[in-house]
Structure formats: structure tokens, C-alpha cells
Amino acid sequence: MKITPLDIRQKRFDTALRGFSRREVEAYLELIAGEFEEVVKENIALKEELKRTQLKLEQHQERERTLQETMVTAQRISEDLQSAAKKEAEIIIADAEHQAEKIVHGAHQRLVQVVEDINELKRQRTQFESQVRSVLDAHQKLLETFKSPTFADRDYARVEDNVAYLSQKKANVSE
């Protein structure tokens with residue numbers, strides 16, 4: 001059972017023969033009731049202050065939870081961004097490697113084509129040289145044929161003698 005200042009003020013004691021002085025007891029009870037009333041008021045004020053403090057504490061705890069969640073979220077986002085950046089870098093590197101492979105392959109194909117072209121030109125040159133050599137040989141043989149003494153060259157003197165002889169004969173016959 002709680003005692004209130006009003007309970008203290010209304011308390012009445014039985015009187016006995018040699019009891020306490022009524023005025024002193026009532027004055028003391030009044031003093032105690034006043035003090036008790038102040039204690040009760042202070043207790044109420046402290047309870048209200050405690051409620052306000054607990055409310056502030058709950059607000060601060062809620063803010064702390066929010067900040068922790070925010071920090072966890074920020075960390076997760078940071079990790080996600082790092083992961084995404086890493087994946088993007090890997091994709092860029094893979095694409096660059098693919099492009100490099102295509103360029104190298106194209107250069108290799110071009111090199112093969114140039115080598116084939118060079119080989120074809122060498123073959124054509126050899127064939128052309130062979131044809132020119134054949135033409136030169138044919139012309140050389142023809143020149144040699146013209147240089148060698150022919151029937152007319154060998155027998156020119158004899159033919160000339162015959163013509164002179166016949167010319168004389170004809171001249172004799174006509175005379």
C-alpha cells in the first residue's frame with residue numbers, strides 16, 4: 001500500500017495517558033507530509049525526465065540503427081560497385097584481347113596473302129625469264145643461221161664465173 005501526503009495529514013492517533021504532545025505530532029506529521037509531497041513531486045518529475053530521456057535514447061538508438069544500416073548498405077553498394085567495375089574491366093580486357101586476336105589474325109592472313117603473291121610473282125618472273133630465254137635462244141639460232149655461209153655465199157664465185165662465161169658465150173653468138 002502506497003502512502004500519500006494526504007494519508008499522512010489525515011492520520012489520527014489514539015490518545016493515551018501519557019502520550020506524545022498532540023501539537024508536536026501534528027506539526028511533525030505536517031512536516032513529513034510536506035517533505036513526502038516534495039519527494040513524490042520530485043519522483044514524478046524524475047519519472048517524466050526518465051521517460052523523456054528514454055524517448056531520446058530510443059531516438060538515438062533508432063538513429064544508430066539507421067546509421068549502421070546505412071553504413072552496411074554503403075559498404076554493400078561499394079562492394080557491388082567494385083565488383084561491377086571489376087567485371088566491366090574484365091569485359092573490356094576480354095574485348096581488347098579479342099580485337100587484338102582479330103588484328104593479329106588479319107595481319108597473319110595478310111602476310112600469308114603477301115607471301116603467296118610474292119611466290120606467284122617469282123613463278124611468273126621465272127616463267128617470263130624462261131620465255132625470254134627461249135625467244136633469245138631462237139633469235140640466236142636464227143642469227144647463227146644467217147651468219148653461216150649459205151649456198152649462195154659459197155657458190156657465189158662459181159655462179160659469177162658461170163654468168164661471166166655465159167655472158168661471153170652469148171656475146172660470141174650474137175656477133
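**Close-up views of a predicted helical chain**

**View 1. Overall form of the predicted model.** Of the 175 residues in the protein chain, 3% are buried, in what is a predicted model. The protein chain exposes about 16700 Å², and carbon and sulfur atoms supply 59% of that area. Along its principal axes the C-alpha trace spans about 225 × 25 × 15 Å, and the radius of gyration of the protein chain is 70 Å, whereas a compact globule of 175 residues would have a value near 16 Å. The protein chain has 4 helices and 0 strands, and its pattern, read along the sequence, is α-α-α-α.

**View 2. R76 within helix α2.** R76 is placed in helix α2, which covers residues 22-147. The relative accessible area of R76 is 45%, and R76 is therefore partly exposed, since the partly exposed class lies between the limits of 20% for buried and 50% for exposed. Between the C-alpha atoms of R76 and A171, which are 95 residues apart along the chain, the separation is 137 Å.

View 3. An unreviewed UniProt entry lists residues 36-77 and residues 111-138 under "coiled-coil region". In the model, the chain over residues 36-77 is 100% helix and 0% strand, with its end C-alpha atoms 59 Å apart. Over residues 111-138 the chain is likewise 100% helix and 0% strand, and here the end C-alpha atoms are 40 Å apart.

**View 4. The largest pocket and its lining.** The space in the largest pocket amounts to about 290 Å³. This largest pocket is lined by 13 residues, of which F13, D14, F20, R22 and V25 are the closest to its centre. By class, the lining of the largest pocket comprises 5 nonpolar, 3 polar and 5 charged residues.

View 5. About 170 Å³ of space lies in the second largest pocket, whose lining is formed by K2, I3, T4, P5, F36, V39, V40, N43, I44 and K47. Helix α2 gives the most to this lining, contributing 6 residues. Sorted by class, the lining of the second largest pocket holds 6 nonpolar residues, together with 2 polar and 2 charged residues.

Note on methods: Residues are numbered from 1 along each chain as its sequence is written. This is a predicted model: local features need pLDDT of at least 70, side-chain atom pairs count only at pLDDT 80 or more; totals for chains, interfaces and linings use all residues. Side-chain values use heavy atoms; hydrogens and water are left out. Helices (H or I, at least four residues) and strands (E, at least two) are DSSP runs, numbered from the N terminus. Buried means under 20% relative accessible area, exposed over 50%, partly exposed in between (1.4 Å probe, protein chains only). On a 1 Å grid over the protein atoms alone, a cavity is a set of points where a 1.4 Å probe fits but cannot get out, and a pocket is an open set with protein on both sides within 12 Å along at least five of seven lines; lining residues have an atom within 4 Å of a point. Grid points are joined across faces, edges and corners, and a volume is the space filled by probe spheres set on the points. Ala, Val, Leu, Ile, Met, Phe, Trp, Tyr, Cys and Pro count as nonpolar, Asp, Glu, Lys and Arg as charged, and the others, Gly among them, as polar. UniProt positions are given in the numbering used here, feature names are shortened, and annotations may be inferred rather than shown by experiment. The radius of gyration is taken over C-alpha atoms; the globule rule is 2.2 Å times the number of residues to the power 0.38. Accessible areas come from the Shrake-Rupley method with a 1.4 Å probe; for residues, only the protein chains shown count as cover.
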